[in-house]
Amino acid sequence: MIRYLLALLALLLAPAALAAERGPVVLAAASLQESLTEAADAWAAKGHDKPVLSFAASSALARQVIAGAPADLFLSADEEWMDAVAKAGLLRAGSRTTLLGNRLVLITPVSSKVRLTPARGFPIARALGSGRLALADPGAVPAGKYAKAALTWLGVWGGVAAKVAPAENVRAAMALVERGAAPLGIVYATDARASRAVRVVGFFPAASHPPIRYPVAVLKASRHKDAAGFRTFLLSRQGRAIFARHGFSNP
């Protein structure tokens, strides 16, 4: 009987023990998959519990946080969705800072012969023909919002708006181009760098869209002992070097 009770007690305590050994839960923009995974591995190599990473569109993640999803850190691909979480009073005071910068690029399947230079009035609609332009949802997702802003500034949005294939996040948009389902797409430079199935047609002028900045913050509800420490690591020389290897810039 005593042996049975001890076994039952161990079973009941197991989930709590596993939770205690789990690293901080990090909600991060989809474009950070490779770089943040490497950073989490480097942090774990220092003897810490490995962070639990969840990647999606910043818009979806911000809404999850506002709805009460349990997490410790939030890394957004733009300031606006971090602003939304801040407005809801869900950030730890003093923990928000800008971590990274990025570039916006036009991509095509690696086998494509398309040649285009993003510039005022460039013939992107003609290059698409009957095909679609793959973007992250321009109504909500940062990469899509940056893309719409750039195309509008260049004076070509009106010609392609009806041809947009909106995706749930920037990696989903790139997947459409990788599969050949879309002849052109707009993603971050770091996304294109992570894929062997696409090539960069051209870079969008920095002035054509708001600066691409990735803020990071600890969430107010976090009680994890390593939440602030992992944030500090990401901002450290070693952390920034990891992101630089994946093509990110300092903000």
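These legends describe a predicted model of one protein chain, from the whole fold to several close-up views.

Residue numbers start at 1 along each chain as its sequence is written.

**Figure 1. The whole chain and its confidence.**
The average pLDDT of the protein chain is 93. This score is the predictor's confidence in each residue, from 0 to 100. A score of at least 70 is reached by 92% of the residues. Residues 1-20 fall below 50, and beyond near neighbours in sequence this stretch has one contact in the model. A contact means heavy atoms within 4.5 Å. The chain holds eleven helices and ten strands. These are DSSP runs numbered from the N terminus: helices are H or I with at least four residues, strands are E with at least two. The C-alpha trace spans about 75 × 40 × 35 Å along its principal axes. Of the contacts with a separation of 6 or more, 80% join residues 24 or more positions apart.

Of the 251 residues in the protein chain, 48% are buried. Buried means under 20% relative accessible area, exposed means over 50%, and partly exposed lies in between (1.4 Å probe, protein chains only). In soluble globular proteins, nonpolar side chains tend to be buried together. A nonpolar core is a set of buried Ala, Val, Leu, Ile, Met, Phe, Trp, Tyr and Cys residues joined through side-chain atoms within 4.5 Å. The largest one here has 67 residues. Leu 32, Leu 36, Leu 75, Leu 106, Ile 124, Leu 133 and Leu 151 touch the most other members. Apart from this core lies another, of 15 residues, including Ala 56, Leu 61, Val 65 and Met 82.

**Figure 2. Around Leu 151.**
Neighbours within four places in sequence are left aside here. Leu 151 then contacts Phe 122, Ile 124, Leu 133, Val 156, Trp 157, Val 160, Ile 186 and Phe 204.

**Figure 3. Arg 199, a buried charge without a salt bridge.**
Arg 199 sits in strand β9, residues 198-203. Arg 199 is buried but has no salt bridge. Glu 178, the nearest side chain of opposite charge, is 14 Å away. Lys and Arg count as positive, Asp and Glu as negative; His and the chain ends are not counted. A polar atom of the Arg 199 side chain lies 3.0 Å from the backbone oxygen of Ser 112. Beyond four places in sequence, the contacts of Arg 199 include Leu 106, Pro 109, Ser 112 and Arg 115.

**Figure 4. Ser 95 in a loop.**
Ser 95 belongs to the loop between α4 (79-87) and β4 (97-101). Its relative accessibility is 5%, so Ser 95 counts as buried. The Ser 95 side chain reaches the backbone nitrogen of Val 218 at 3.0 Å. Not counting residues up to four places away in sequence, Ser 95 touches Val 216, Ala 217, Val 218 and Arg 231.

**Figure 5. Ala 167 in strand β7.**
Strand β7 covers residues 164-167 and includes Ala 167. Ala 167 counts as buried because its relative accessibility is 9%. With neighbours within four places in sequence left aside, Ala 167 contacts Leu 135, Ala 136, Asp 137, Ala 172 and Ala 173.

Side chains of opposite charge can pair when their charged atoms come close. The structure holds nine salt bridges. Each is a side-chain nitrogen of Lys or Arg within 4 Å of a carboxyl oxygen of Asp or Glu. Glu 38 and Arg 245 form one of them, at 2.5 Å from N to O. This pair links distant parts of the chain, 207 residues apart: Glu 38 in helix α2 (residues 33-44) and Arg 245 in helix α11 (residues 237-245). Glu 38 is partly exposed, with a relative accessible area of 27%.

**Figure 6. Arg 171 and Asp 191.**
Arg 171 and Asp 191 form a salt bridge, with their closest N and O atoms 2.6 Å apart. Arg 171 is in helix α8 (residues 170-178) and Asp 191 is in helix α9 (residues 189-193). Both residues, Arg 171 and Asp 191, are buried. A network of salt bridges links Glu 34, Arg 171 and Asp 191.

Technical notes
Side-chain values use heavy atoms; hydrogens and water are left out. A polar contact is a pair of N or O atoms within 3.5 Å; within protein, one must be able to donate a hydrogen and the other to accept it, and residues adjacent in sequence count only if both atoms are side-chain atoms.
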